[in-house]
Amino acid sequence: MPLSLNLHPAMKNYETLVDATNDLMKRGYTANLSLEGDTIADKDKNITLTADEFEIDEFYRFEGASNPDDTSIVYAVSSPKYNLKGILINAYGTYSNDSSSAIDAKLHHHQVSNNLHGEDRPTA
């Protein structure tokens, strides 16, 4: 069974990654975001966000059913500058991006790391 880990009292618990993304979309996180080097992109709107142009509103961690090292994190991201709310899904663990960019630092350390517990805290 996948593990959904949210670490903010106002955030919800979800059974699956699909449940999380569907609920976030219902709550207005409709942009499909992707990591593009040192930026996050909304390719549909041709918008590129640097690390200082977005906030992580919520995040949910899901472990793979067969391998806990295969983990994904779903981020609810907003950017007041671009009036944008979207979802970014990022692998963490075996298939994670090894980049040392400011985006990775923000996703895995700045806001998220402060809320993770013990062994869940990223070390890189």
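First, the ground rules. This is a predicted model, where local features need pLDDT of at least 70, side-chain atom pairs count only at pLDDT 80 or more, and totals for chains, interfaces and linings use all residues. Residues are numbered from 1 along each chain as its sequence is written, and side-chain values use heavy atoms, with hydrogens and water left out.

So, the layout. We've got two helices and seven strands, taking helices as DSSP runs of H or I with at least four residues, strands as E runs of at least two, numbered from the N terminus. Reading from the N terminus, the order goes β-α-β-β-β-β-β-β-α.

Now the inside. Of the 124 residues, 44% are buried, meaning under 20% relative accessible area with a 1.4 Å probe, protein chains only. A nonpolar core is a set of buried Ala, Val, Leu, Ile, Met, Phe, Trp, Tyr and Cys residues joined through side-chain atoms within 4.5 Å. The largest one here has 14 residues, and L33, F54, Y75 and L88 have the most contacts inside it. β6 gives the largest share, three residues. There's also a second, separate core of nine residues, including A20, L24, Y29 and F62.

And how far do we trust it? Mean pLDDT, the predictor's confidence in each residue from 0 to 100, is 75, with 60% of residues at 70 or more. Strand β1 (residues 4–5) is lowest, at a mean of 44, while β4 is highest, at 95. Both residues 1–9 and residues 113–124 stay under 50.

Notes
Buried < 20%, exposed > 50% of the residue type's maximum accessible area, 1.4 Å probe, protein only. Contact = heavy atoms within 4.5 Å.
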